[in-house]
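I opened the notebook to record what I looked up in this model, entry by entry.

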Amino acid sequence: MTKTLSAVYDGRFFLPEEPLELQPNTRVRITVETESAPQAEPYSFLNTARALRLEGPPDWSERIEDYLQDK
């Protein structure tokens, strides 16, 4: 039987994150592959737009069509 599972190493033992259907004292072969650290959440478009500190008329969002036609 081959099964891939996630586990945590506590410094002495591997602790599976889910139950295993194995009898006690069953011999197994373990291959260890460390997981990369979770990546930070990407910025949302709104956060990016705010960071740009864009300036425009106060009614920009209400009259966007008017401003687009002027160009």
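I began at arginine 53, which follows just after helix 1 and takes a positive phi of about 50°; helices here are DSSP runs of H or I with at least four residues, strands are runs of E with at least two, and both are numbered from the N terminus. I note that this is a predicted model, in which local features need pLDDT of at least 70, side-chain atom pairs count only at pLDDT 80 or more, and totals for chains, interfaces and linings use all residues. Residues are numbered from 1 along each chain as its sequence is written, and side-chain values use heavy atoms, with hydrogens and water left out.

I then checked helix 1 itself, residues 45-52: of its eight residues the number buried (under 20% relative accessible area, with exposed over 50% and partly exposed in between, for a 1.4 Å probe and protein chains only) is zero, so the helix lies largely in the open. For the protein I found that 1% of the 71 residues count as buried.

I next looked up the order of elements, which from the N terminus on is β-β-α-α. The radius of gyration, taken over C-alpha atoms, is 27 Å, well over the 11 Å that the globule rule (2.2 Å times the number of residues to the power 0.38) gives for 71 residues, so the protein is more spread out than a compact globule. Along the principal axes, the C-alpha atoms fill a box of roughly 80 × 25 × 15 Å.

Last, I located leucine 22 in the loop between strand 2 (14-16) and helix 1, and I recorded leucine 22 as partly exposed, with a relative accessible area of 33%.
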